[in-house]
Amino acid sequence: MTTTPYWRIAVIGAGAIGSTIALKLAESGHEVTMAVRDARRRQALERDGLRGRARGGTVERADVRVTASLDDDYDLVIVPVQRHQIDGLVPTLAANGSARIMLMFNNASDADSWSDEIGADRLIWGFPAILAKVNGDTVGYSIVSRVQVTTIGRPDGVIDDDVRQIASLFSGAAIPTVVSPVIDGWLKTHAAFVAPMVAAAFLPGRPGRGPRLSWSSARELGAAVRTGMRAVRGSGATVAPGNMRAMPFVPGPVLTALFWLMFASPAGKGMVAQVSDSVAAESALLLRELSRLAGAAGVDPAPLVRLAARIPAPAPRQV
């Protein structure tokens, strides 16, 4: 079955990733609604449209429909939030009658965790290979097209027409997308690598030039990544994609050297500098999930527990 030429799509939120996805889908001819709680952002979208700029490109603009909440049924609802934000959205998603709901965020718990509420027949997972940041009312973005591309799948591994159509939908919108039959393992593997990378911002380091992490901090980071990977493998999930399958077996000194060098680079230091409170909160939650996964698999979770403890709780927001 070929991709439906015209879809009605809702995107939850107007963060950097969601805005990029909405922009590219609207540009490719689909009707896109953005459900945005922030009143100022809604007004900007209604007034100026959705604006984006690819790296080195000119400003693009697309018209989107804007609402304060999910107000209708759609062919596809895309949920590109952070892991710690999903629980508050599940009742809304469960009550909505849309045909397909795709969650797109880091997750180290089972991919079918919300199947009972949302409906297993409509639940699809995806992870966006997109680097993006909102600057004012314009999202600057870069879509990754090599090494790792946007990946989608169903928790049960079935590759059906819905999954194929969504992959085609995204690829047709200039977001190269592949389908994975092991999306649960893929998500856990990604979390096992990414969550410690974020936590690196809170490890003891060195200011100025040279390596950002001390050797002992790099060793702590490597131990957490290896533990997370072993937890994924020990749980029975598939370590995926294929280029990550050797990670549980990489010797500790090799991982230490790898991360020490990684965070000596300008890109590694830049990543540390951009860690926000919300990203840190997500990382801490993922590390706790990985710790539970490790314990259940008979893997000592201590390196993950220690790293999670490094991340301070976010400051309470002023009301």
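Residues are numbered from 1 along each chain as its sequence is written, and, the model being predicted, local features need pLDDT of at least 70 and side-chain atom pairs count only at pLDDT 80 or more, whereas totals for chains, interfaces and linings use all residues. Side-chain values use heavy atoms, with hydrogens and water left out. Helices (H or I, at least four residues) and strands (E, at least two) are DSSP runs, numbered from the N terminus.

Helix H6 (183–199) and helix H7 (215–234) pack at an angle of about 170°, with their axes 9 Å apart; axes are lines fitted to C-alpha atoms, for helices over the stretch in contact, and angles run from 0 to 180 degrees between N-to-C directions. H6 and H7 are therefore roughly antiparallel to each other (angles under 35 degrees count as roughly parallel, over 145 as roughly antiparallel, 65 to 115 as roughly perpendicular and the rest as oblique). Their crossing is right-handed, a crossing being left-handed if the near helix is turned anticlockwise from the far one by less than a right angle, and right-handed if clockwise. In this contact (heavy atoms within 4.5 Å), residues of H6 including Ala 192, Phe 193 and Met 197 meet residues of H7, among them Leu 221, Val 225 and Met 229. The residues of the contact of H6 with H7 divide into nine nonpolar, three polar and one charged, where Ala, Val, Leu, Ile, Met, Phe, Trp, Tyr, Cys and Pro count as nonpolar, Asp, Glu, Lys and Arg as charged, and the others, Gly among them, as polar.

H6 also packs with H10, at an angle of about 130° and with the axes 9 Å apart, which makes H6 oblique to H10. The crossing of H6 and H10 is left-handed, and the H6 residues involved, including Lys 188, Ala 195 and Val 198, meet H10 residues such as Val 279, Leu 286 and Leu 293. By class, the contact of H6 with H10 has twelve nonpolar, one polar and one charged residues.

The axes of H10 (residues 277–296) and H11 (residues 302–310) come within 9 Å and cross at roughly 160°, so that H10 and H11 are roughly antiparallel to each other; the crossing of H10 and H11 is left-handed. Ala 284, Leu 287, Leu 290, Ser 291 and Ala 294 in H10 are in contact with Leu 304, Val 305, Leu 307 and Ala 308 in H11, a set comprising eight nonpolar, one polar and no charged residues.

In helix H8 (residues 252–262), Gly 252, Leu 255, Thr 256 and Phe 259 are buried (under 20% relative accessible area, with exposed over 50% and partly exposed in between, for a 1.4 Å probe and protein chains only). These residues cover an arc of only 105° around the axis, which puts them on the same side of H8, the arc being that of the directions from the helix axis to the C-beta atoms. The buried residues of H8 pack against H6 and H7, while Pro 253 and Leu 261 are exposed on the other side of H8.

A cis peptide bond, with omega about 0°, joins Ala 240 and Pro 241, and Pro 241 is placed in the loop between H7 and H8. Ala 174, although not a glycine, has a positive phi of about 70°; Ala 174 lies in the loop between helix H5 (161–172) and strand S12 (177–179) and is partly exposed, with a relative accessible area of 46%.
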